[in-house]
Amino acid sequence: MTMALCTEPAEKGSAARRGLLWRLVHRPRETFLRRALFQVHLWAGIAIGLLTTIVGISGSAIVYKHDLERRLTPALYRTTSTPRLSADALMARAENLHPGWTLEYVATEEASPSALPDPWILYLAPPGSKSFEKDVLVYLDPGTGKVLGETRRSTALHPASLIDWTAELHYRLLAGETGLVVNGIGAALLFVLCVSGLILWWPGRKHWRSHLKVHWRARWPRLNWDLHNVIGLWTTLPLAVEALTGVLFCFYLPTATLLVTLLGGNAQQLRELFSAPLSAAPHTRQALVEPMVRTALRAYPGSSLYGITPPADASGSVLIRLAPPHAADRGDFILMAFDQYSGQLLRQMDSRQMGFAARVLLFMGPLHFGSFAGNFSRMAWVLLGLTPGLLFFTGFLMWWRRVPARRIRQQSVPS
């Protein structure tokens, strides 16, 4: 009897000393932290549920954007196998269609020699417009210079095509820079939902196995709860990756600089990606672009021409971008800057030669778009884009049943 009286306080004292960590592992529902996280998870989910549903579904739709564009607008991709005309001839062809407009970018994305080449897409901006705001996209057959068609940059009022409209919805919510900021905030809150949801899922050491599966024969409230918990658990990691990479692309320069700095990389090298070197002899005759393209391709055998950025002003340089092998899987690129007057090489950057921090940053692109493991990851990312909507729907049903529906029932009961 005396021993029992002595050991009981000792056990209580031992349990008290275990504190918060022990309760989080064994009895998480009893902790204030879990109750607080529940409120954070609930209201963050309500705040961005519809947003993440729209962004997720539109993201799934554009995972195969290039293939869909070929099927939905085949006339824009009817190129020939004729050897390519010079870059200068193709650029002049597009500029002659819209005299006085500014050529901002040339997307080439040359296909493999065994396939028909992709069209050259030239971005032309009307006078007085902001950069890449009201561009007209001119599609040219690189072999003949034939105009395959034109589209406008997609906006809410002027959608270029269904797939372009969907892409603009995903990137900027059809609201320009404001939509990009809202998208970034939503991505940050999605990451909060992933972290808080993972903590809320943990039922305690004795019960976690039963929370790994869906009880399909249960009544619909329990089935709905299981779907939310189980789908949320198994998609937490990829959704968190999507959220963080989404924040990166919405606030690219500050977020990328922070990431590279934290990983011990060279932030100055990152800033060079957004600043072209100056040409040395302004106000003289411009050099041809085609020799620059050929110089770049000779320097990096096996790479393909990906894009050309004309000089932004009289002192700017010509940027030639190449895609090395497996660029889509790893985010690799080669960027070479040439003096627009002399054609002299001013700077070259090969991402494959960059440090660990830069390679991690570049891999964020394939991670976000699902191209890091070929067709397998793309199909997985199509399904992943549907999960935010499903989680929002099941979570909303749980909240509605516990709060609004209960209040409605209480008010309907006669006093």
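User: What percentage of the 415 residues in the protein chain is buried?
Analyst: Buried residues come to 41% of the 415 in the protein chain, where buried means under 20% relative accessible area, exposed means over 50%, and partly exposed lies in between, using a 1.4 Å probe and protein chains only. Please keep in mind that this is a predicted model, in which local features need pLDDT of at least 70 and side-chain atom pairs count only at pLDDT 80 or more, while totals for chains, interfaces and linings use all residues. Residues are numbered from 1 along each chain as its sequence is written, and side-chain values use heavy atoms, with hydrogens and water left out.
User: OK, and how many helices and strands are there?
Analyst: The protein chain has 15 helices and eight strands, which are DSSP runs numbered from the N terminus (H or I with at least four residues for helices, E with at least two for strands).
User: Is the chain compact or spread out?
Analyst: Its radius of gyration is 28 Å, well over the 22 Å that the globule rule gives for 415 residues, so the protein chain is more spread out than a compact globule. That radius is taken over C-alpha atoms, and the rule is 2.2 Å times the number of residues to the power 0.38. Along the principal axes, the C-alpha atoms fill a box of roughly 105 × 50 × 40 Å.
User: Changing topic, how many aromatic pairs does a search of the whole structure find?
Analyst: It finds eleven, where rings of Phe, Tyr and Trp (its six-membered ring) pair if their centres lie within 6.5 Å, and planes under 30 degrees apart count as stacked, over 60 as edge-to-face and the rest as tilted. One of them joins Phe-396 and Trp-400, whose ring centres are 6.2 Å apart with planes at 25°, so this pair is stacked.
User: Where do Phe-396 and Trp-400 lie?
Analyst: Both are in helix H14 (residues 387-402), four residues apart, which is about one turn of the helix. The rings of Trp-399 and Trp-400 have centres 6.4 Å apart and planes at 65°, so that pair is edge-to-face. Phe-392, Phe-396, Trp-399 and Trp-400 form one aromatic cluster.
User: And Asp-226, is that buried or exposed?
Analyst: Asp-226 counts as buried, at 2% relative accessibility, and it lies in helix H7 (residues 220-250).
User: Which residues does Asp-226 touch?
Analyst: Leaving out residues up to four places away in sequence, Asp-226 touches Lys-213, Val-214, His-215 and Ile-231, with contact meaning heavy atoms within 4.5 Å.
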